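My notebook is open and the viewer is running. I want to write down what I look up, one entry at a time.

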Amino acid sequence: MEHEQTIPELRKAPENGAESDTPEFPPVNAETPDVAVPPRPRRRGRTALLIASALVLGTLAGTATGYAVQYHRAPTPLPPLAQQKLPAPKALAPDDGTTHKSVNANRWHATDGDLNELLVEPPAGAKVKDKGFDPLDSFAAGYEEPAKMFRNLVDTHFRRAATKHWEQGDIEVEVQLVQFKDFSGADDFQGGQASYLPEEKYAGNEGVPIPGVNPQAGRVWVYSKPSELAGYLPIREARAVARRGDTVVLVFYGDRRARPIAEGDVIDLAKRQLERL
């Protein structure tokens with residue numbers, strides 16, 4: 001038939017050891033090009049995780065056991081010091097028991113105590129008219145604009161004030177200690193009180209510094225002319241404004257007979273008050 005296909009004969013193996021001219025398939029171990037096979041990731045087992053967990057648990061257990069053992073042991077006394085009495089600064093205030101003052105004796109300031117005890121003593125023969133603490137509202141009421149002064153004192157952290165007022169003949173003196181919670185409040189108040197005194201309505205001059213005190217922190221003003229108010233006799237006045245730490249010293253000095261005031265008398269009074277602080 002025309003379209004009959006013939007099936008090729010299978011090649012027979014050579015007989016009697018004769019070589020065949022037909023190439024054979026290469027053996028399995030024949031030299032062939034190497035193919036780069038990527039290494040497979042190593043399978044991570046649970047052994048490493050179990051070992052790490054055991055180490056953490058062992059550390060925690062050992063710590064807890066150590067604390068438990070130490071808790072039940074009696075405290076071991078420390079060896080004695082080579083120098084039994086160590087030098088220490090002298091306390092600035094007496095130790096009066098278990099009070100805030102005794103605990104902080106080496107840091108205690110005079111103004112942390114009773115301000116009334118720090119007010120300067122009047123001269124012999126003087127008559128004390130008033131003394132004691134001034135609440136914030138009554139202290140502010142002594143100024144021309146009480147509401148404004150009240151707000152200013154609150155803003156500058158007013159703490160307390162103490163006053164002593166005495167008379168000696170025609171001389172009338174009032175000394176005030178005004179304390180604030182910090183130095184900045186005292187500085188603001190002292191600066192405000194000193195700022196208006198040079199005006200003509202008040203002292204009318206620049207005043208003089210208090211010896212030993214920074215001129216910006218303490219001055220005395222003796223009024224250039226008598227003060228006159230309707231219905232009152234003219235008087236001579238002097239003022240002192242100074243600051244020591246968180247406390248401001250105010251001195252009001254007046255002569256009802258309008259005699260000239262000795263500048264040195266007011267300076268001496270202000271210095272004695274500052275020394276008590």
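Predicted model: local features only at pLDDT ≥ 70, side-chain atom pairs only at ≥ 80, totals over all residues.

**Entry 1: the largest pocket**

I looked up the lining of the largest pocket by residue class and got eight nonpolar, seven polar and eight charged residues.

Residues are numbered from 1 along each chain as its sequence is written, and side-chain values use heavy atoms, with hydrogens and water left out.

How much space lies in the largest pocket? I found about 800 Å³. Of the 23 residues lining this pocket, Tyr143, Glu144, Met149, Gln193 and Tyr196 are the closest to its centre. Two or more lining residues come from each of α4 (136-140), α5 (146-155), β3 (171-180), α6 (183-195) and β6 (236-244). The biggest giver is α6, with four residues.

On a 1 Å grid over the protein atoms alone, a pocket is an open set of points where a 1.4 Å probe fits, with protein on both sides within 12 Å along at least five of seven lines; lining residues have an atom within 4 Å of a point. Grid points are joined across faces, edges and corners, and the volume is the space filled by probe spheres set on the points.

I counted 22 lining residues, with Tyr223, Ser227, Leu229, Ile235 and Glu237 nearest the centre. By class, the lining has ten nonpolar, three polar and nine charged residues. Both β3 and β7 (247-255) supply at least two lining residues, and β7 gives the most, with four.

**Entry 2: strand β7**

Since β7 turned up in the last entry, I looked at it next. Is β7 largely enclosed or open, and why? Eight of its nine residues are buried, so β7 is largely enclosed by the rest of the structure. (Buried means under 20% relative accessible area, exposed over 50%, and partly exposed in between, with a 1.4 Å probe and protein chains only.)

Which strands does β7 pair with? One is β3, which runs antiparallel to β7 and is joined to it by nine bridges; there, Glu172 has Gly254 of β7 as its bridge partner.

**Entry 3: aromatic rings**

I searched the whole structure and found six aromatic pairs. In Phe158 and Phe180, the ring centres are 6.2 Å apart and the planes at 90°, so I wrote this pair down as edge-to-face. The two lie 22 residues apart, Phe158 in strand β2 (residues 158-168) and Phe180 in strand β3. Phe180 pairs with Phe189 as well: the centres are 5.4 Å apart and the planes at 45°, so that pair is tilted. (Rings of Phe, Tyr and Trp, the last by its six-membered ring, pair if their centres lie within 6.5 Å; planes under 30 degrees apart are stacked, over 60 edge-to-face, the rest tilted.)

Buried or exposed? I got buried for Phe158 at 12% relative accessible area, for Phe180 at 0% and for Phe189 at 6%.

**Entry 4: two partly exposed residues**

Arg243 sits in strand β6 and is partly exposed at 23% relative accessibility. Leaving aside neighbours within four places in sequence, Arg243 is in contact (heavy atoms within 4.5 Å) with Ala186, Asp187, Gln190, Ala217 and Val248.

His157 is in the loop between α5 and β2, partly exposed at 40%. Not counting residues up to four places away, His157 touches Phe180, Lys181 and Asp182. From His157 to Gly185 I got 6.1 Å, C-alpha to C-alpha, though they are 28 residues apart in sequence.

Note on methods: Nonpolar A, V, L, I, M, F, W, Y, C, P; charged D, E, K, R; others polar. Pairing = 2+ DSSP bridges.
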